Amino acid sequence: MSRTALRICPLCEATCGLTLTIEGTRVTGARGDRDDVFSQGFICPKGASFGAVDADPDRLRTPLVRRDGELREATWEEAFDAVAAGIRPVVERYGPHSVGVVLGNPNVHTMAGALYPPVLIAGLGTRSLFTASTVDQMPKHVSSGLLYGDALAIPVPDLDRTDHLLLIGANPLESNGSLCTAPDFPGRLKALKARGGTLTVIDPRRTRTAKLADRHIAVRPGTDALLLAAMAQVLFEEDLADPGHLAPHVQGLPELRDAIRDFTPEAVAAACDVGAAAIRTLARELAAAPTAAVYGRIGSCTVPHGTLASWLVDVLNILTGNLDRPGGALFPQAATDRTPRPAGPGRGFALGRWHSRVARHPEAKGELPLSALAEEIDTATDEGEPVRALISIAANPVLSAPDGDRLAKALDSLDFMVSVDPYLNETSRHAHVVLPPPPPAQSAHHDFAFNTLAVRNQVRYTRPAVPLQPGRMAETEILARLVLAATGMHGADPAAVDTMVVDQTLGKAVGEPHSPVHGRDPRELAARLTGDGGPERRLDMMLRLGPYGDGFGARPDGLTLEKLLARPHGIDLGPLRPRLPQPLKTVSGKVELLPQPLADDLPRLRAALRERPAGLVLVGRRHLRSNNSWLHNVPALTGGSNRCTLHIHPDDAARLGLRDGQPVRIKGAGGEVTAPAEVTDGVRTGVVSLPHGWGHDRPGTRLAHAAADPGVNVNQLLDGSLLDPLSGNAVLNGVPVDLAPVT
């Protein structure tokens, strides 16, 4: 007999509510949950394929341990014994920084990935941290840190109330949104137009989102910061800059005006390949709109001036008075955020507190560039020990980082590697131990990260839809045991990790004057926590201490886990609200409009005014049925238009003698790949596009469907030397390439 269960979809940032149909312990169907307070029944092809993702026959079911050079099935006890025996000797002989930690994008899609990696990193004491952020959104963290004093204070566009939305480097009709959590992003854009609003898209490709726009500007890749700087210059030049209500909270306006004076539309037009008149129109329309929001995403982050572009997105929102107001861009308030502290000066945000060992890249937000991982393993210097052991959690950097060939060789040289991954993929195949988490239906779900980026304040939690199968281990327990094994406490009760975090958090909270539990006994507070196990008790604690919480009885109407469990479709906490100056943690207590690191990087942007690509440049792309390299092993999500082809404009194809479907050799600084040409006017002249996440042709993996149509790894065209210097983010777009037909 079938039954239904609710589950929040973990397959992209939209976090839609699902209603699963279950036969026994198998998910046989998925549809949108019409009663979900946030997604209201919306579903995309990824969510509809939840059952196929959950039941993928290539998912690992037991741990693997390398014996005599071969990965073989093992018990959980044997696997964690091997982890402890592999990690601890490296730490004790070479120090904590000789152990690297790599965190992949899926960590922000699971409860375990949010709760335990911070404990692991702190317990190890390592500075060798590499994450997917530095091939994605790190420029936005850095610009937010410099502007607001908090790298996690990222304003999001108020999609449901804005009159004018300008998107740059974003394609939410394919991505479902990113750094802007919004179920049914397409429907929200159509609603914007239906109420008379304006949608402008700046993108070198005529994407599905661009086709919906009122105005599409096909900018030259990599020149986003120049275009945005020119728009800001127009606002100053034509006396359209008016921060309005923001004025008391902003410093540096005159300095900013002087700093960008040279970036006139006429000065940037040739570099951007956008006419000066069009740039002035963009600025004037933005200033004239009753409300407006500028939103930039991965296309404006993964470029040489990604941090400057991310900063200028917020600068435009500030100069037009649209930051922190309804219809503009606002700071969400998640239910598990820390107790809001009183407004006032903070510690600010610092870059470069330490540097990578080989190329001396500065850290950003505690992380080193993922592009530097290979050299940190395979290159000896006098600056300390190389990375000799690696802990990889839900990461596939052989495909997601530049020059996967070099990284694959480096991984084989490690003394020890452990990978937490459901698959034996292009990265985990190099591990000495693989620890597989269970399918998503067997895990609880709460979105810690994405609720801090949501376009509406809400809170939802779903318990496992299917019981944990025999022989499986919950992902939360896997990571708790990994913490113990890696930090010298192997064999201790994994519940001790959660108990330690609860004790530390409550001990700190009772000492904070602004906390609702100030002066109380932390042991009494811990005894009041509810929940089935440590992860739920931690969630209950965060909810109670959070901005909507009950404060452990101090606010009887406030939020607790018990109240959330009683509302299985979630609790709506209302639209985004103005919050300044409370989120600001800068030393001045204000929005610091021209921080010194950004001012120091402007000469590099001025130099870009004279740059012109000599040949073709490459950009990436995303398909609605893909999410990085996760989902290519699911037949329902591949094929059709979701193919690894090289998009090229008809004029460029004719000039090079290329036919549609013909194999093309693509060469970059890091290597070359061959992919079929797809001739289309959906990409502008001078630009070619290859999707990321493909390249499933390496030996030793167990991805049968993905290997049957492997595609090519676009990041193999990169040698890892091109980075945004402020953030360490890899330059993945606007990269020069050479093409040649394969005869």
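Me: How many helices and strands does the protein have?
Reply: It has 26 helices and 28 strands. Keep in mind that this is a predicted model.

Me: What radius of gyration does the protein have, and what would a compact globule with 743 residues have?
Reply: The protein has 25 Å. A compact globule with 743 residues would be near 27 Å, so the two agree.

Me: And what does the C-alpha trace span along the principal axes?
Reply: About 65 × 65 × 60 Å.

Me: What percentage of the residues count as buried?
Reply: Of the 743 residues, 62%. The accessible surface comes to about 26400 Å². Carbon and sulfur atoms hold 51% of that surface.

Me: What share of the contacts comes from residues 24 or more positions apart?
Reply: 73%, counting contacts with a separation of 6 or more.

Me: Switching to strands. Is strand 9 mostly covered or mostly uncovered?
Reply: Mostly covered. Strand 9 spans residues 164-168, and five of its five residues are buried.

Me: Which residues point which way from strand 9?
Reply: His164, Leu166 and Ile168 point one way. Leu165 and Leu167 point the other way. Both sets are buried.

Me: Which sense does strand 9 pair in with strand 10, parallel or antiparallel?
Reply: Parallel, over five bridges, with strand 10 at residues 198-202. Strand 9 also pairs with strand 13, residues 293-296. That pairing is parallel too, over four bridges.

Me: On to rings. How many aromatic pairs does the structure hold?
Reply: Three. One of them joins tyrosine 148 and phenylalanine 331.

Me: Why is the pair of tyrosine 148 and phenylalanine 331 edge-to-face?
Reply: Because the ring planes stand at 90°, and over 60 degrees counts as edge-to-face. The ring centres are 5.2 Å apart.

Me: Where in the chain do those two, tyrosine 148 and phenylalanine 331, sit?
Reply: In distant parts, 183 residues apart. Tyrosine 148 is in helix 6, residues 138-148. Phenylalanine 331 is in the loop between strand 14 (329-330) and helix 16 (373-378).

Me: Are tyrosine 148 and phenylalanine 331 buried or exposed?
Reply: Both are buried.

Me: Which rings have the charged end of arginine 538 or arginine 544 over them?
Reply: Arginine 538 has its charged end over the ring of tyrosine 116, 5.1 Å from the centre. For arginine 544 the ring is that of phenylalanine 552, again with 5.1 Å to the centre.

Me: Now the backbone. Which residues does the cis peptide bond with omega of about 5° join?
Reply: Leucine 580 and proline 581. Proline 581 lies in the loop between strand 19 (571-575) and strand 20 (591-592).

Me: What is phi for aspartate 68 and aspartate 184?
Reply: Aspartate 68 has a positive phi of about 55°. Aspartate 184 has a positive phi near 55°. Most residues other than glycine have a negative phi.

Me: Where is aspartate 68, and is it buried or exposed?
Reply: Aspartate 68 is in the loop between strand 4 (64-67) and strand 5 (70-73). Its relative accessible area is 75%, so it is exposed.

Me: And where is aspartate 184?
Reply: In the loop between helix 7 (172-175) and helix 8 (185-194). Aspartate 184 counts as partly exposed, at 27% relative accessibility.

Methods: Residues are numbered from 1 along each chain as its sequence is written. This is a predicted model: local features need pLDDT of at least 70, side-chain atom pairs count only at pLDDT 80 or more; totals for chains, interfaces and linings use all residues. Side-chain values use heavy atoms; hydrogens and water are left out. Rings of Phe, Tyr and Trp (its six-membered ring) pair if their centres lie within 6.5 Å; planes under 30 degrees apart count as stacked, over 60 as edge-to-face and the rest as tilted. Buried means under 20% relative accessible area, exposed over 50%, partly exposed in between (1.4 Å probe, protein chains only). A charge sits over a ring if NZ of Lys or CZ of Arg is within 6 Å of the ring centre and within 35 degrees of the ring normal. The radius of gyration is taken over C-alpha atoms; the globule rule is 2.2 Å times the number of residues to the power 0.38. Contact means heavy atoms within 4.5 Å. Accessible areas come from the Shrake-Rupley method with a 1.4 Å probe; for residues, only the protein chains shown count as cover. Two strands pair if DSSP finds at least two bridges between them.
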